[in-house]
Amino acid sequence: MKLLQGPMTPGCATRSQLGSPDAVAVDRHGDLYIADSWSATVDKVTPAGVISVIAGNGGSGVPVPGPATKTAIGYPGSVAVDRAGNVYIADSQNNVVEKVTPSGRLSIFAGEVGVNGPGRIGPADKTSIGGPDWVAVGPNGDVYIANGEGMQVIKVNRRGQLSLVAGSGLGSPRPGPATSTPLGGRAGQVGCLSGLAVSGSGDVYIADQCVHVVERVSQAGMLSIVAGRVGQNGKPTAGPATSTRLVTPQGLAVDGAGNLYIADTWGGVIERVTPTGALSLVGTAGDNHFQPAALAIAHGQMFVADQEYAVIERLSLRAAAR
């Protein structure tokens with residue numbers, strides 16, 4: 001049975017409820033960040049286990065630049081953090097990505113509040129970015145955004161300039177130049193780009209859940225399928241990653257060795273894909289009630305946002321690799 005959802009209570013993290021933990025991120029100090037869309041907040045858990053709100057006032061409204069805990073942030077569906085401690089929030093309700101500095105100040109990082117549409121090359125805060133469903137930070141500080149409305153993955157560099165990484169509209173993905181292939185599947189589908197991760201070498205991984213695959217965009221801008229079979233939904237099995245089916249790949253994470261981890265939400269399992277393309281099942285509750293929605297990896301640990309029980313679980317990567 002699903003645990004009760006509820007607003008976060010500052011203090012001991014294991015004694016507080018969460019609403020809907022949709023995404024997680026970990027900084028270099030071991031602080032854990034949680035995008036809680038039900039509560040319309042982003043929370044932080046310290047290594048000592050203390051939880052607090054760092055962004056959002058609990059109201060679902062329009063963000064106002066200034067103190068991050070004094071403003072609404074709409075629908076925080078994803079969160080990422082850079083090496084300087086800046087936190088990025090994908091707010092699909094307001095069509096923006098917000099940035100929260102270590103001092104607690106919120107600003108609009110990309111997009112225009114309430115303006116929908118595909119992103120355009122140029123200053124990121126002067127263009128629409130559709131419904132940003134996911135956000136990730138690359139090793140050099142570039143910020144990647146999954147535009148759910150435009151079926152694009154876009155990048156904002158450290159100078160605040162936006163460019164296209166992948167996607168040419170809605171359709172079945174094809175290996176080749178990433179900016180020339182459609183993403184997301186059939187017409188009428190939304191929210192298909194349900195996860196992003198960037199490896200230490202700069203490869204971008206995209207969870208394209210409507211067509212049941214994970215794609216990779218190389219540094220040379222070429223897209224390939226790294227897990228799943230396009231348009232085929234089914235129970236995953238161990239073996240070559242491109243020969244098995246996936247159910248709903250969502251959150252992604254890459255460890256320091258280049259292993260890709262996939263939160264297969266409605267499949268109730270976490271999959272691991274090695275750099276050689278071998279897939280194994282590394283996390284499952286075995287009771288059809290495990291719903292891993294997002295993953296974050298740091299310091300030899302994997303943090304899992306489990307939507308079924310509205311909790312964050314922790315798994316040792318050493319145990320996952322067995």
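A nonpolar core, as used here, is a set of buried Ala, Val, Leu, Ile, Met, Phe, Trp, Tyr and Cys residues joined through side-chain atoms within 4.5 Å. Buried means under 20% relative accessible area, exposed means over 50%, and partly exposed is in between (1.4 Å probe, protein chains only). The model is predicted, so to speak on its own terms: local features need pLDDT of at least 70, side-chain atom pairs count only at pLDDT 80 or more, and totals for chains, interfaces and linings use all residues. Residues are numbered from 1 along each chain as its sequence is written, and side-chain values use heavy atoms, with hydrogens and water left out.

## The cores

Let's start inside. The largest nonpolar core has 47 residues, and those touching the most other members are Ala-55, Val-79, Val-87, Ala-166, Leu-196, Ile-206 and Val-217. There is also a second, separate core of 15 residues, with Tyr-88, Phe-109, Val-137 and Val-156 included. As background, nonpolar side chains in soluble globular proteins tend to be buried together.

What does Leu-196 contact, leaving aside neighbours within four places in sequence? With contact meaning heavy atoms within 4.5 Å, the list includes Trp-134, Tyr-144, Val-153, Ile-206 and Leu-252.

## Strand S13 and its two partners

Strands here are DSSP runs (E, at least two residues), numbered from the N terminus, and two of them pair if DSSP finds at least two bridges between them. Strand S13 (residues 143–147) is mostly covered, with 5 of its 5 residues buried. Val-143, Ile-145 and Asn-147 are buried on one side, and Tyr-144 and Ala-146 are buried on the other. In a regular strand, side chains alternate between the two faces of the sheet.

S13 takes part in two hairpins. Strand S12 (residues 132–137) runs antiparallel to S13, joined by 5 bridges, and Pro-132 has Asn-147 as its bridge partner. That hairpin has 5 residues between the strands, and Gly-141 in the turn has a positive phi of about 95 degrees. On to strand S14 (residues 152–156): S13 pairs with S14 in the antiparallel sense, again over 5 bridges, and Tyr-144 has Lys-155 as its bridge partner. Here 4 residues lie between the strands, with Met-151 in the turn at a positive phi of about 50 degrees.

S28 and strand S29 (residues 301–306) pair over 6 bridges, and Ile-297 stands opposite Met-302 in S29.

## The aromatic pair

Rings of Phe, Tyr and Trp (its six-membered ring) pair if their centres lie within 6.5 Å; planes under 30 degrees apart count as stacked, over 60 as edge-to-face and the rest as tilted. That rule gives 1 aromatic pair. Tyr-88 and Phe-109 have ring centres 5.0 Å apart and planes at 70 degrees, so the pair is edge-to-face. Tyr-88 lies in strand S8 (residues 87–91) and Phe-109 in strand S10 (residues 105–110), so the pair ties together parts 21 residues apart in sequence.

## The disulfide

How many disulfides does a search of the whole structure find? There is 1, counting cysteine sulfur atoms within 2.5 Å as a disulfide. Cys-192 is joined to Cys-210, with an S to S distance of 2.1 Å. The link is left-handed, with -85 degrees about the S-S bond.

## Accessibility at a glance

| Residue | Relative accessible area | Class |
|---|---|---|
| Cys-192 | 0% | buried |
| Cys-12 | 39% | partly exposed |
| Tyr-88 | 4% | buried |
| Phe-109 | 16% | buried |
| Pro-249 | 0% | buried |
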